[in-house]
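Colleague: Hi! Could you walk me through this one?

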Amino acid sequence: MSTESHTTHDSDEDIRNRDIRIYVNGEIVHRDQAKVSVYDSGFLLGDGMWEGMRLYNGKWAFFEEHMDRFFASCKTVALDVGMDRAGILDALTRTAEANGMHTDVHCRLMLTRGTKVKPFQHPSLSRSGPTLVIIMEHSKPAASLQSQGIRLATVPQVRGLPMSQDPKLNSHSKLNCVIACLQAEEAGADEGLMLDPHGFVNTTNACNFFIVRRGEVWTSTGDYCMKGVTRQKVIDLCRDNGIPVFEKNYSLYEAYGADEAFLTGTFGAQTPVATIDGRQIGDGERPVTRRIRALYRDLVAADTA
Ligand SMILES: Cc1ncc(COP(=O)(O)O)c(C=O)c1O
């Protein structure tokens, strides 16, 4: 069982990140100079959308899938991106070149409704066009994530219904998830396991969640979680490789008794879960998680070849 506290986004320290250059609305400047207005909709309200992507061999893994989600999310909240996906790719390429980055890079692409003329909520107060920021860092997930696994705690904060704030949106406002993470920390865990409004196991505050039972892979229906690109890739890989996979409702009863559990996300790919609410998950062997991880690694390699 792991004892040392860590997060699902722990990475190896890389001193090159102290001098990275950041894209802010077409300008690429040193991180110390990268600023947006205090009137920015993202700062004032969390009114924006973002994507987390990874660069390998000079190529963005699953770029089209990320752009599908990004443009669909922006359209949902009437946020005009102001450029097409070729324009986004160009901005990404310029930022990577300015940083001399080629592989093992993590990027946070962020778009907000832009600078407001007054510090109030109405979207029409954002009049100068959207704010686009791209932060890229040299990044390799810490090896301890694989060796120790993550400790989860089930938290009181639940996923929302689609008609309040659709949990499928990768919005700047992550307060629901941040509260869940705080609750998990208070419970002595690394990350929060969140239930849906009916009490079924759904997702964690920063990743999607899977269990393995008797060779079957289970994840939630997808109705209350982020439409994770990695989540969908894992489901597709299982289908293509004869691993039974189900998107279904299940409770903590099945999660506690799982043979294996793992999280998915662009940063960590598949990260094993060591414990849920102090209960050890499986015997630590994790053969299905290891197989899926190998399949996913090959898929990323093929996509970025
Ligand atoms: C709440 C939440 N769930 C899941 C994910 C994983 O999504 P993806 O696999 O597209 O990185 C993220 C990533 O941003 C997230 O914020």
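Modeller: Happy to; we can go through the helix packing and then the ligand site.

Colleague: What should I keep in mind first?

Modeller: This is a predicted model, where local features need pLDDT of at least 70, side-chain atom pairs count only at pLDDT 80 or more, and totals for chains, interfaces and linings use all residues. Residues are numbered from 1 along each chain as its sequence is written, and side-chain values use heavy atoms, with hydrogens and water left out.

Colleague: How do helix 2 and helix 3 cross?

Modeller: The axes of helix 2 (residues 63–76) and helix 3 (residues 85–98) cross at roughly 120 degrees and come within 11 Å. Helices here are DSSP runs (H or I, at least four residues), numbered from the N terminus. Axes are lines fitted to C-alpha atoms over the stretch in contact, with angles from 0 to 180 degrees between N-to-C directions.

Colleague: Which residues of helix 2 and helix 3 meet?

Modeller: From helix 2, Phe63, Glu64, Met67, Asp68, Phe70 and Phe71 meet Arg85, Ile88, Leu89 and Leu92 of helix 3; contact means heavy atoms within 4.5 Å. That contact has 7 nonpolar, no polar and 3 charged residues.

Colleague: Moving on, what about helix 7 and helix 9?

Modeller: Helix 7 (residues 229–240) and helix 9 (residues 287–303) have axes that come within 10 Å and cross at roughly 110 degrees. So helix 7 is roughly perpendicular to helix 9, a label for angles of 65 to 115 degrees. Thr230, Lys233, Val234, Leu237 and Cys238 in helix 7 meet Ile292, Leu295, Tyr296 and Leu299 in helix 9.

Colleague: Now the ligand: how many residues surround it?

Modeller: There are 15 residues around the ligand, and the closest are Arg69, Lys174, Val229, Thr230 and Thr266. To be counted, a residue needs a heavy atom within 4 Å.

Colleague: What is 2.6 Å from a ligand oxygen atom?

Modeller: An N or O atom in the side chain of Thr230 is 2.6 Å from an oxygen atom of the ligand. For Thr266, a side-chain N or O atom is also 2.6 Å from a ligand oxygen atom.

Definitions and conventions:
Helix = DSSP H or I, 4+ residues; strand = E, 2+ residues; numbered from the N terminus. Nonpolar A, V, L, I, M, F, W, Y, C, P; charged D, E, K, R; others polar. Polar contact = N/O pair within 3.5 Å; in protein donor to acceptor, adjacent residues only side chain to side chain. Parallel < 35°, antiparallel > 145°, perpendicular 65-115°, else oblique.
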